[in-house]
Every structure is written in structure tokens, then in C-alpha cells.
Amino acid sequence: MKPGRTLALTLLIGCTLGLIVLTRREKPADIPAPAKTVTSSEHLMNMIKESGVRQTARELDKAHDWSQVRKVITTGQDNTREVVAALLPLADQATNRSLLQTARYNLPRHPVQILSASEYTDATPGGAFRLEGLCNAAGMSHAWQNRTREALSNLHDVRLASRVNDCLNALRQSNHNSF
């Protein structure tokens with residue numbers, strides 16, 4: 001073998017062995033546990049606990065960030081009822097309409113959370129989350145109406161049984177009135 005090839009082969013083997021030794025010697029990197037993500041509802045509930053309901057509503061107004069509440073409704077998060085019940089009475093009329101529309105669109109996806117929220121907000125100024133508004137077929141597609149009827153019919157929560165019946169009746173009534 002020629003001396004040049006021998007030297008190149010020796011260097012290649014030496015570098016390979018050196019890399020193997022180095023990789024075995026290093027400790028594996030400590031991988032931190034994934035941080036628990038805070039949902040919008042948890043964040044809003046923390047704000048309410050720390051700052052109070054009025055201050056939280058003021059901050060949402062100031063930052064034009066009522067979209068956090070819409071996100072809670074849209075995703076059907078666990079604290080939907082508490083967040084909506086606490087903040088809805090302090091929202092302006094336009095925000096109330098926007099939250100109602102969000103709830104209407106998402107009623108077929110999250111009937112338990114939305115009907116539960118309506119239970120605690122019937123007495124809000126303007127009754128933004130009253131069943132007559134939530135379960136109104138006016139302006140909603142036939143597909144939405146069918147999905148809503150199906151979701152409500154498949155809901156077997158004793159605590160919401162009367163609200164489900166009232167919602168189905170309001171849906172039927174508004175459907176008859178639209179023709």
C-alpha cells in the first residue's frame with residue numbers, strides 16, 4: 001500500500017473512532033418536560049380571580065380582545081359556562097351579539113357547554129344567551145339546523161333535559177315562523 005493511502009485510511013479510522021468516543025462520553029441533553037399549555041378559559045378564569053370580573057372585562061375592552069371569549073365558546077372548553085356567565089353581563093351590545101352568533105354556530109358541536117352557559121346568562125341585559133336567541137333557525141343553514149337537532153336529540157344530560165327540550169321547541173318554532 002502506498003504511504004499516502006495508508007495515511008488517509010489511518011486518519012479516517014482515527015476520526016471515526018474519535019467521534020464515537022466523544023458521542024459516548026457526552027451526557028444526553030436533559031429534555032425538559034413539555035410545559036402545560038393554558039387554555040383560554042383557564043387564562044380568563046385566572047384573570048377573573050386575580051383582577052376581578054369588572055377589571056377583566058375592562059382589559060378585554062381596552063385590548064379589543066373579546067376574541068378570547070369567542071375562542072372559549074368555539075372550542076367548547078371546560079370553563080365555558082363560568083367564563084361566559086361572568087363576562088357576558090359586562091360586554092357591550094355589539095360584543096353580546098357577536099358572542100351569541102359564535103354560540104349559535106357552535107351549538108351543534110358543543111351543546112352541553114353552550115346550553116350550560118345559557119342557563120346562567122338568561123338574566124343578562126338584553127338576554128344575549130337566551131334560548132330563543134341561541135336556538136333560533138333564522139339565518140342559519142338547513143345543514144346547521146339538522147346538525148343542531150341531531151346534537152340536541154343525542155344529548156342525554158339530565159341536568160340539561162328541560163333546556164334541550166326548550167331549545168328543540170324554539171328551533172321548531174323559529175323554523176315554522178320563517179316560512
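Trainee: Which ring does the charged end of Arg-104 sit over?
Mentor: In this predicted model, the charged end of Arg-104 lies over the ring of Trp-144, 6.0 Å from the ring's centre.

Trainee: Nice. And how many aromatic pairs does the structure hold?
Mentor: Zero aromatic pairs here.

Trainee: OK, on to helices. At what angle do α2 and α4 pack?
Mentor: About 130 degrees, with the axes of α2 (residues 40-51) and α4 (residues 67-75) 9 Å apart. That angle makes α2 oblique to α4.

Trainee: Is the crossing of α2 and α4 left-handed or right-handed?
Mentor: Left-handed for that pair.

Trainee: Which residues make the contact?
Mentor: From α2 you have Ser-40, Ser-41, His-43 and Leu-44, and from α4 there are Gln-68, Val-69, Lys-71 and Val-72. Sorted by class, the contact of α2 with α4 has three nonpolar, four polar and one charged.

Trainee: What about α2 and α5, how do they pack?
Mentor: Helix α5 covers residues 80-87, and α2 packs with α5 at about 45 degrees, their axes being 10 Å apart. So α2 is oblique to α5. The crossing of α2 and α5 is left-handed.

Trainee: Which residues of α2 and α5 make the contact there?
Mentor: On the α2 side, look at Ser-41, Leu-44, Met-45 and Ile-48; on the α5 side, look at Glu-82, Val-83, Ala-86 and Leu-87.

Trainee: And how does the contact of α2 with α5 look by class?
Mentor: Six residues are nonpolar, one is polar and one is charged.

Notes
Residues are numbered from 1 along each chain as its sequence is written. This is a predicted model: local features need pLDDT of at least 70, side-chain atom pairs count only at pLDDT 80 or more; totals for chains, interfaces and linings use all residues. Side-chain values use heavy atoms; hydrogens and water are left out. Axes are lines fitted to C-alpha atoms, for helices over the stretch in contact, and angles run from 0 to 180 degrees between N-to-C directions. Helices (H or I, at least four residues) and strands (E, at least two) are DSSP runs, numbered from the N terminus. Angles under 35 degrees count as roughly parallel, over 145 as roughly antiparallel, 65 to 115 as roughly perpendicular and the rest as oblique. A crossing is left-handed if the near helix is turned anticlockwise from the far one by less than a right angle, and right-handed if clockwise. Contact means heavy atoms within 4.5 Å. Ala, Val, Leu, Ile, Met, Phe, Trp, Tyr, Cys and Pro count as nonpolar, Asp, Glu, Lys and Arg as charged, and the others, Gly among them, as polar. Rings of Phe, Tyr and Trp (its six-membered ring) pair if their centres lie within 6.5 Å; planes under 30 degrees apart count as stacked, over 60 as edge-to-face and the rest as tilted. A charge sits over a ring if NZ of Lys or CZ of Arg is within 6 Å of the ring centre and within 35 degrees of the ring normal.
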